[in-house]
Amino acid sequence: TYTTDTKSREENKKTIESLYRLSVDIKKIRRLKEWVLLQDAAYVKEIADILKEMGADETTVANILERCPEAILHTPAEINSQRALWQLVCQNEKQLIKLIEQFPESFFTTEYHENQKANIHFFQELGLKNNIITRFLTSAPNIFYNPVEKNKNVIETLQKNYLSLGGSDANMKIWILKLLSQNPFILLNTPTAIQENLEFLQKNYFTDHEVLQLLSKLKGFIFQLTPTTMQKSMLFSKNVFKCSDQELKHLVLKCPALLYYSVPVLEERLEGLLKEGISVAQIRETPMVLELTTQIVQYRIKKLSASGYDIKSGSLERLNGTKKDFEVNYGKIQSKKERPIFNPVAPINIED
């Protein structure tokens, strides 16, 4: 018996037996979501049969029910409706069952069924490919819970601003689809918040073209900020680099992270670089280094130092880029170091 929120209710024996027959780890469910086992109504066998019908084997069924035990509280009708809905964007049931195994919580959230359906149709009409929509369903399910009108309003606001900032009609659809693909969470914002952020940039001397540039560089993440946080980050950078408004603007265009990261994050990364003996002047020259975490910077500096590259007197460009970019640059330094110096006029020693 349980005496907390469950009001001394006992576990449903029928549910336990049904799960046991499916080789589900009941201890795991007790530990993570014991409340599921206390419900009077559960559809263990029915939900398992639907999953098997889709092609799931016994191990897969057990794995899904362990990860998302609340699945057994949905009626077979609800799950079949959800199955039909996801089939609108899945290539086949093999792909569908694979997605359910990886993201069971997203699939078994059936409360917003009508909103999900309307939003899938809206995204398809907008021109998003089905593989992108399935990615949204699994990684950003919240956007489907919105009423479709709310998502339409956000898209219309983005389209209107894109055109007013000098974007062309011909490129607008591609721009919107790319922005959405990179950051579907844009749709969780309100049209007002989007408007306020764009106006903030314009008030801070960014031209319309530069604002568009920032939107693309930041992949829409700018809409997850507020004018207050952006103002604080810009003021911090201005004080650190001792620059004018125009100079600051160019630094932000070069490294949008100065706008995106909060002051504590920028502060921590700056301190990490200074501790390594790097100067503020070097950072100002290559601000993109602030996009890297302190741990990544330390690892890369250590690796470069071992190859004889002095970061204090050299360029910080060597630290930049993705892991792949860095490894390519590091490889070049290594091969340069290992290559023997050939002097074409040196005499050749030949032993008899």
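**Entry 1: helix α3**

I looked up what comes after α3 and found G55, whose phi is positive, near 115°. Helices here are DSSP runs of H or I, at least four residues long, and strands are runs of E, at least two long; both are numbered from the N terminus. This is a predicted model, so I noted the rules: local features need pLDDT of at least 70, side-chain atom pairs count only at pLDDT 80 or more, and totals for chains, interfaces and linings use all residues. Residues are numbered from 1 along each chain as its sequence is written, and side-chain values use heavy atoms, with hydrogens and water left out.

Next I asked which residues of α3 are buried. Helix α3 covers residues 44-53, and its buried residues are V44, I47, A48, I50 and L51. Buried means under 20% relative accessible area, exposed means over 50%, and partly exposed lies in between (1.4 Å probe, protein chains only). Seen down the axis of α3, the buried residues fall within an arc of 160°, so they line one face of the helix. The arc is that of the directions from the helix axis to the C-beta atoms. On the other side of α3 I found K45 and E53 exposed.

What do the buried residues of α3 pack against? I listed α1 (13-21), α4 (58-67), α5 (76-86) and α6 (93-102).

**Entry 2: confidence**

I checked pLDDT, the predictor's confidence in each residue, from 0 to 100. The protein has a mean of 89, and 93% of its residues reach 70 or more. Over residues 1-8 the pLDDT is below 50, and this stretch has 12 contacts in the model beyond near neighbours in sequence. Contact means heavy atoms within 4.5 Å. Where pLDDT is low, the predicted coordinates should not be read in detail.

**Entry 3: the whole protein**

I counted elements: the protein has 21 helices and 0 strands. Its radius of gyration is 28 Å, well over the 20 Å that the globule rule gives for 352 residues, so the protein is more spread out than a compact globule. That radius is taken over C-alpha atoms, and the rule is 2.2 Å times the number of residues to the power 0.38. Along the principal axes, the C-alpha atoms fill a box of roughly 85 × 70 × 45 Å. Of the 352 residues, 44% count as buried. I also looked at contacts between residues at least 6 apart in sequence: 72% of them join residues at least 24 apart.

**Entry 4: domains**

The domain assignment, automatic or from a database, gives domain 1 (10-110) and domain 2 (112-189 + 210-216). Their centres, taken over C-alpha atoms, are separated by 31 Å.

**Entry 5: two single residues**

I found E210 in helix α14 (residues 208-217). Is E210 buried or exposed? E210 is buried, with a relative accessible area of 11%. Not counting residues up to four places away in sequence, E210 touches Y205, K249 and L253.

Then I turned to T286, in the loop between α19 (280-285) and α20 (294-306). T286 counts as buried, at 4% relative accessibility. Leaving aside neighbours within four places in sequence, T286 is in contact with L316, E317 and N320. I also checked T286 against Q213, 73 residues away along the chain: their C-alpha atoms are separated by 19 Å.
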